[in-house]
Amino acid sequence: IPDCYWGCKKPYASNGKTGECEKMKSVNPFLEKDFFKNDALVREAIEKKNVFQIPLGVFFSKKSVDRAKLISQTKAFLKKCLKLKAKFVFSLDARTALEEKSERELIAICVACFGLTREQAAKAIREGKNAAIRMA
């Protein structure tokens, strides 16, 4: 298990909703009802030094209407995170060969779907990989 990307000496391992790192806990916002409207969720994450983990695999498994709705909600949520300076990373819990995407493809998806700049998307994807965050 790799060390935490944020510099802890303690290894980071995913245990479902939260990690074991001293400095950072990963939180899947999709587990919260109306996550995209919830300012308190974002403010609490900032206060507790949590990082939001956006699992991209969820988008690949949704049907077209549900996918469009989730993309729109996630875009609103990420705008809120950027505005309030909350940390977030993208993870890909690829279950099939169709879900295995290159970093370049993931960046393009994040730019097109979520309105991020290429640099913001690349940083969030790279940090997700470097922190070895994976959803169970």
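Two rings of Phe, Tyr or Trp count as an aromatic pair if their centres lie within 6.5 Å, and planes over 60 degrees apart make the pair edge-to-face. By this rule, the predicted model holds eight aromatic pairs. One of them joins F35 and F77 in an edge-to-face arrangement, with 5.4 Å from centre to centre and 70 degrees between the planes. This pair links distant parts of the chain, as F35 sits in the loop between β1 (25–27) and α1 (39–47), while F77 belongs to helix α3 (residues 64–84), 42 residues apart. Both F35 and F77 are buried.

F77 also pairs with a second ring, that of F52. Here the centres are 4.9 Å apart and the planes stand at 85 degrees, so this pair too is edge-to-face. Because F52 lies in strand β2 (residues 50–55) and F77 in helix α3, the pair ties together parts that are 25 residues apart in sequence. F52 is buried, as is F77. A reader new to the structure may find F77 a handy place to begin, since its ring pairs with F35 and with F52.

A68 is partly exposed, with a relative accessible area of 46%. Although A68 and C113 are 45 residues apart in sequence, their C-alpha atoms are 9.2 Å apart in space.

Charged side chains come next. A search of the whole structure finds four salt bridges. In one of them the side chains of D39 and K80 meet, at 2.6 Å from N to O. This bridge links distant parts of the chain, with D39 in helix α1 and K80 in helix α3, 41 residues apart. The two partners can be told apart by their accessibility: D39 is partly exposed, with a relative accessible area of 35%, whereas K80 has 17% and so counts as buried, the cut-off for buried being under 20%.

Another salt bridge joins E44 and K48, whose closest N and O atoms are 2.8 Å apart. E44 counts as partly exposed at 40% relative accessibility, and K48 also counts as partly exposed, at 49%. A further bridge is found between the side chains of E127 and K123, at 3.9 Å from N to O. These two residues are four apart in helix α5 (residues 118–130), so about one helical turn separates E127 from K123. E127 is buried, with a relative accessible area of 12%.

The mean pLDDT of the chain is 76, and 71% of its residues reach 70 or more. Over residues 1–22, however, the pLDDT is below 50, and this stretch has 53 contacts in the model beyond near neighbours in sequence. The pLDDT also stays under 50 over residues 132–136, for which the model has 21 contacts beyond four places in sequence. Where pLDDT is low, the predicted coordinates should not be read in detail.

Key: Residues are numbered from 1 along each chain as its sequence is written. This is a predicted model: local features need pLDDT of at least 70, side-chain atom pairs count only at pLDDT 80 or more; totals for chains, interfaces and linings use all residues. Side-chain values use heavy atoms; hydrogens and water are left out. Rings of Phe, Tyr and Trp (its six-membered ring) pair if their centres lie within 6.5 Å; planes under 30 degrees apart count as stacked, over 60 as edge-to-face and the rest as tilted. Buried means under 20% relative accessible area, exposed over 50%, partly exposed in between (1.4 Å probe, protein chains only). pLDDT is the predictor's confidence in each residue, from 0 to 100. Contact means heavy atoms within 4.5 Å.
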